[in-house]
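Please look at the model below.

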Amino acid sequence: MRHPRIIIASVSLAAAAAIGGGVTAAAATTSHASSRPAASQAAAATVRTVQASVGGKTETILVNSQGLPLYYYLNDTAAKSVVTGGLAALWPPLTSGSPVATGLTGKLAVVMDVHGDQVAYNGHLLYTFADDHAGQVTGQGVQGFFVATPGLTPIAGYPTAGSSTTAGTAPAASSGSGYGY
C-alpha cells in the first residue's frame, strides 16, 4: 500500500506568529524521509563580522558571505546538531568543507554531522534563519537560537588552542514579540 505524500506549504515563522499560531518543529515537517534541509552554503563558506542591531543595541555579530546573521542553538553539543526536520527548514545549517574566517578571534571548524560538513564557531554549530535578510536580525531568542558573536565562549571541553574569549553568554530575548528585535 502506498502512503500519500504530504506536502505542507512553507509559512514564515513571523507570519505564523502574527496570526497567533506559534510554529514548532512538528508544524513544519515534511514526510519525505530522505529530504535534507537546504544548506546555507555548499562549498567554501566565509564567516565574517558586521555591526547589527540586536535587541535594540548595536552588536558585532557573525554573518555568512551573503550577510545573513549566524545563530547557534542552545541544545546542540560541540559534536552533534539536534536541529532536524522542520526545525532545520526554518534554521538551515551553515555547511562547508572549507570555511574561511575573516576578522574572527575564535576557532572556526567543520563538524561532520547529520547535515554533512557543518561549520562551528568555538564549538557552536552555526545556522541561518529562514526569515532573515542581509543586515536583519529577526531570530534572536526564537526557539532557543541566539545570534553568534565573536566573543561566543567555547563549549566546555572544546579545544580552543589558547583562545581567551570571555563574553558570549546567550542574551535574553526582549519582551513583546519574542523575536528579540
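This is a predicted model: local features need pLDDT of at least 70, side-chain atom pairs count only at pLDDT 80 or more; totals for chains, interfaces and linings use all residues.

Residues are numbered from 1 along each chain as its sequence is written, and side-chain values use heavy atoms, with hydrogens and water left out.

Q: Why is the pair of Tyr71 and Phe129 called edge-to-face?
A: Rings of Phe, Tyr and Trp (its six-membered ring) pair if their centres lie within 6.5 Å; planes under 30 degrees apart count as stacked, over 60 as edge-to-face and the rest as tilted. The ring centres of Tyr71 and Phe129 are 6.4 Å apart and the planes stand at 75 degrees, so the pair is edge-to-face.

Q: Which aromatic cluster includes Tyr71 and Phe129?
A: Tyr71 and Phe129 form one aromatic cluster with Tyr73, Trp91, Tyr127 and Phe145. The structure holds seven aromatic pairs.

Q: What makes Glu59 and Lys57 a salt bridge?
A: A salt bridge is a side-chain nitrogen of Lys or Arg within 4 Å of a carboxyl oxygen of Asp or Glu. The closest N and O atoms of Lys57 and Glu59 are 3.6 Å apart, and the two residues form a salt bridge. The structure holds one salt bridge.

Q: Why is Lys57 called exposed?
A: Buried means under 20% relative accessible area, exposed over 50%, and partly exposed in between (1.4 Å probe, protein chains only). Lys57 has a relative accessible area of 53%, so Lys57 is exposed.

Q: Why does Glu59 count as partly exposed?
A: The relative accessibility of Glu59 is 28%, so Glu59 counts as partly exposed.
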